[in-house]
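Please look over the chain below before reading on.

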Amino acid sequence: MTNPRNTSTGSTVTSVVAKPPGVRAGPIRFFAMRLPAHAIHWGARAAGLLVVLSLLAGGTMAVREQLEKKSTSTTSPGLPAGGARPGVELLSPETIRLNSEVVRSLGIRTAEVSPADRPRPLPPLQGVLNVDLNRTVRIHSQFAGIVVALGTMDGGETDRPAGESGPRGLRQWEKVQAGQLLAVVWSKDLGEKKSELVQAVSDLRLARDQLARYQSLTEGIIAQKEVRAAEAGVRSAENSVAKAEATLRAWRLPEEQIRALIAEAEKLGTAAARRELTAAKTWARVEVRAPFAGTLLEKNTNVGDVVDTSADLFRIADLTRLTVAAQVYEEDLPVLLSLPLPIPWEVRVPARTNFRAVGALEQIGEIIDPTQHTALVSGTVNNRGGELKAGQFVTCTVAVPPQSGEYAVPTAALVEDGRTSVVFVQPNRAVPTYVRRPVAVVRRYYDVCYVRAEPAGVRPGDLVVTGGVLQLNQ
């Protein structure tokens with residue numbers, strides 16, 4: 001026996017075993033003798049792997065045959081192919097009829113199909129809360145002057161707004177009622193216009209008295225031109241009164257104050273009495289009051305400030321209802337545009353998971369953002385409890401009513417294989433005949449699924465099988 005060469009270098013083996021005497025080496029043995037050692041090793045491993053695979057394949061076939069024999073010999077709880085079980089009649093590939101005994105053994109139960117009544121929610125809309133500008137007002141003084149007092153929380157007034165003695169003046173973020181006193185302004189312009197009205201009323205009273213005396217005299221005692229002059233004086237005094245009244249109305253002085261002022265002036269007969277009236281404490285008093293109930297968002301004045309009619313003394317907003325500006329995706333716009341406005345929605349605050357507020361979507365924007373492909377929608381939300389704050393981020397959920405042609409089917413009635421969905425319908429309530437019909441699932445809930453019936457699908461009032469449906473589908 002000769003020694004082989006080093007196999008690590010990949011050289012050939014010159015001799016493996018000694019040739020017996022008289023035996024000639026065949027060509028196959030000669031070829032094997034010339035192969036590298038590592039090739040012989042991997043060839044042996046490949047041959048062994050082929051043997052193992054053949055054994056596994058044979059075992060699998062044997063197991064499969066045993067399972068098929070067992071499945072055909074064992075009684076199935078469902079319906080075998082072809083309806084070979086007694087009491088089962090296959091009327092068509094989609095229709096099967098059972099007798100009462102089979103119905104009881106399979107536990108067949110049915111439920112009625114109903115119209116879809118649950119709204120389907122769109123993806124939540126991201127938005128932000130704002131103050132409703134339609135419920136916001138900036139308050140000015142009707143007349144220029146000096147602020148002499150501020151309103152208090154109890155509806156009174158004080159010239160010491162810090163509250164050193166007595167109630168303090170109103171402050172920002174405090175709530176006020178409709179008609180509540182906010183400030184008192186002393187205005188010489190108002191005093192002058194009131195004086196003009198008092199003077200015009202007094203002149204009219206005198207002109208009328210003079211005309212009445214002239215008219216009481218007989219002709220010849222007084223010339224007619226004097227009577228005509230007295231009549232002209234009455235008309236001029238009436239015009240002066242009307243002008244003074246119109247000026248006060250244009251300055252939004254309440255009508256009851258104007259009527260009271262005229263009535264008081266008509267009682268005055270002397271100049272001293274008129275001076276006493278015009279010297280009253282309320283003669284130049286201008287009261288600034290809240291037009292409606294709300295919250296003081298701004299307070300821009302204090303006692304001693306000189307103000308004019310353009311200055312914003314206060315800003316009041318009704319925060320019991322806020323506006324919402326949200327973004328809706330372009331693909332959801334057709335659904336919203338198909339609904340009549342306003343559309344109810346539910347507003348949630350991310351920081352408060354259990355909080356819900358109701359409102360309505362009232363406007364849909366006309367411009368699509370080319371970057372985000374969203375449109376701006378706006379609406380309102382109820383905030384009577386004051387839990388929501390302007391500037392908060394919110395999510396709005398719009399509940400879209402179900403579309404026509406959608407029906408509610410119990411979840412247990414569906415049979416699905418990953419590609420199709422079918423239900424078994426019992427056309428006649430008195431006959432246990434069941435027809436397999438395809439449906440298209442639109443939405444899924446815990447207890448029911450909303451389906452859109454195919455041309456031969458289901459309709460409201462149909463009975464669908466909810467118990468034993470898997471056995472019917474075998």
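A residue is called buried when its relative accessible area is under 20%, exposed when it is over 50%, and partly exposed in between, with a 1.4 Å probe and protein chains only. Cysteine 449, with a relative accessible area of 2%, is therefore buried, and cysteine 396 is likewise counted as buried because its relative accessibility is 0%. The structure holds zero disulfides, a disulfide being a pair of cysteine sulfur atoms within 2.5 Å.

This is a predicted model, in which local features need pLDDT of at least 70 and side-chain atom pairs count only at pLDDT 80 or more, while totals for chains, interfaces and linings use all residues. Residues are numbered from 1 along each chain as its sequence is written, and side-chain values use heavy atoms, with hydrogens and water left out.

Of the 474 residues in the chain, 34% are buried. Its secondary structure comes to nine helices and 26 strands, taken as DSSP runs (H or I over at least four residues for helices, E over at least two for strands) numbered from the N terminus. Among contacts (heavy atoms within 4.5 Å) between residues at least 6 apart in sequence, 70% join residues at least 24 apart.

The chain exposes about 28500 Å², of which carbon and sulfur atoms supply 56%; such areas come from the Shrake-Rupley method with a 1.4 Å probe, and for residues only the protein chains shown count as cover. Isoleucine 146 lies in strand β8, which spans residues 145-151, and it counts as partly exposed because its relative accessibility is 33%.
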